[in-house]
Amino acid sequence: MLVQKQLILTESKLFLREPAAVFFATVLPATLLLVLGGSIPGFRDADPSMGGERVIDTQLPGMMVLLSVVTLALSTLPSALVAYREKGVLRRMSTTPVRPSALLVAQIMINAVVAVLSTALTLLLGHIVLGVPIPRQLAAFTGVFLLGSVAMFAIGLWLAAVAPNSRVVQGAGAAVMFPLLFLGGMWLPRELMPSALRVVSDITPTGAFGQALRDTMAGHAPALSHLAILLGWTLVAGFAATRMFRWA
């Protein structure tokens, strides 16, 4: 236990030494929320196409939370793990009392904590500066956030399992991340998507995650179908990552 704590502390310091990772995972989502929400007047008006909701109440903060989690899960986490494997760190750790799995646990915990802090920062600043309501279904929002984060991190571990080197994992992460963000409603709200595209969005982890976040922020219960989709992705990606992950 002491070794695990020390490893988490060391990895945390290394994470903080990467300004790009800190910026894109924590600063960028909150900054985008404040800039877009404060500079585009239409975002503060009720939108009939979104059921009378304001964009800054659910759509924009929900997408910023999604952006933070997806960035950590599909870029930061797999890049770090593949770099350690590529440099032989995981192989050398297997010959010491510290098992390579301890490093894996440390990386997951650090990225999970950063996701929580980024979400809290985004929602708090949005509430103070723009009057964005705190999620009306806070308990349900928390549950959706946890389930969605687990699903996305499972996909990130799967990506780390199959990527042969750092260059491939960075390119593959971007190739997976941006289409998933689009299908999650990042650039085109799901209400404005053609019906066929919305069906595709519904079965993606980001589509289900993003909509469930918005539902709970608006005070509605998340759809059971979206929770089932997130659980399914967690099980499939988690199983695949477990079977395919290479330590060397």
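Biologist: At what angle do helix α6 (residues 138-162) and α10 pack?

Modeller: Helix α6 and α10 pack at an angle of about 30°, and their axes are 8 Å apart. That makes α6 roughly parallel to α10. Helices here are DSSP runs of H or I with at least four residues, strands are runs of E with at least two, and both are numbered from the N terminus. Axes are lines fitted to C-alpha atoms, for helices over the stretch in contact, and angles run from 0 to 180 degrees between N-to-C directions. Angles under 35 degrees count as roughly parallel, over 145 as roughly antiparallel, 65 to 115 as roughly perpendicular and the rest as oblique.

Biologist: What kind of model is this, and how are residues numbered?

Modeller: This is a predicted model, in which local features need pLDDT of at least 70 and side-chain atom pairs count only at pLDDT 80 or more, whereas totals for chains, interfaces and linings use all residues. Residues are numbered from 1 along each chain as its sequence is written, and side-chain values use heavy atoms, with hydrogens and water left out.

Biologist: Back to α6 and α10: is the crossing left-handed or right-handed?

Modeller: The crossing of α6 and α10 is left-handed. The term left-handed applies if the near helix is turned anticlockwise from the far one by less than a right angle, and right-handed applies if clockwise.

Biologist: Which residues in α6 and α10 meet?

Modeller: The α6 side includes Val144, Leu147, Ala151, Ile155 and Trp158. On the α10 side, the residues include Leu227, Leu230, Trp233, Ala237 and Met244. Contact means heavy atoms within 4.5 Å.

Biologist: How do the axes of α2 and α3 cross?

Modeller: The axes of helix α2 (residues 19-39) and α3 come within 9 Å and cross at roughly 165°. The two helices are therefore roughly antiparallel to each other. In passing α3, helix α2 makes a right-handed crossing. Residues of α2 at this meeting include Phe24, Leu28, Leu32 and Leu36, and those of α3 include Met64, Leu67, Thr71 and Leu72.

Biologist: Arg85 is in helix α3 too. Which side chain of opposite charge is nearest to Arg85?

Modeller: That side chain is Glu86, 8.2 Å away. Arg85 is buried yet has no salt bridge. Buried means under 20% relative accessible area, exposed over 50%, and partly exposed in between, with a 1.4 Å probe and protein chains only. A salt bridge is a side-chain nitrogen of Lys or Arg within 4 Å of a carboxyl oxygen of Asp or Glu. For charge, Lys and Arg count as positive and Asp and Glu as negative, while His and the chain ends are not counted.

Biologist: Which residues is Arg85 in contact with, leaving aside neighbours within four places in sequence?

Modeller: Among them are Leu90, Ala160, Phe245 and Trp247.

Biologist: How many salt bridges does a search of the whole structure find?

Modeller: The search finds three. Side chains of opposite charge can pair when their charged atoms come close. Asp57 pairs with Arg54, with the closest N and O atoms 2.8 Å apart. Asp57 counts as buried at 11% relative accessibility, whereas Arg54 counts as partly exposed at 23%.

Biologist: Which residue meets Arg190 in a salt bridge?

Modeller: Asp202 does, at 2.7 Å from N to O. This pair links distant parts of the chain, with Arg190 in the loop between α7 (166-183) and α8 (195-202), and Asp202 in helix α8, 12 residues apart. Arg190 is buried at 6%, and Asp202 is partly exposed at 25%.

Biologist: What about Arg214 and Glu191?

Modeller: Their side chains meet in a salt bridge, also 2.7 Å from N to O. Arg214 lies in helix α9 and Glu191 in the loop between α7 and α8, so the pair ties together parts that are 23 residues apart in sequence. Arg214 is buried, with a relative accessible area of 5%.

Biologist: Finally, where is His220?

Modeller: His220 is in the loop between α9 (205-217) and α10 (224-244). At 44% relative accessibility, His220 counts as partly exposed. Leaving aside neighbours within four places in sequence, His220 is in contact with Gln137 and Asp215.
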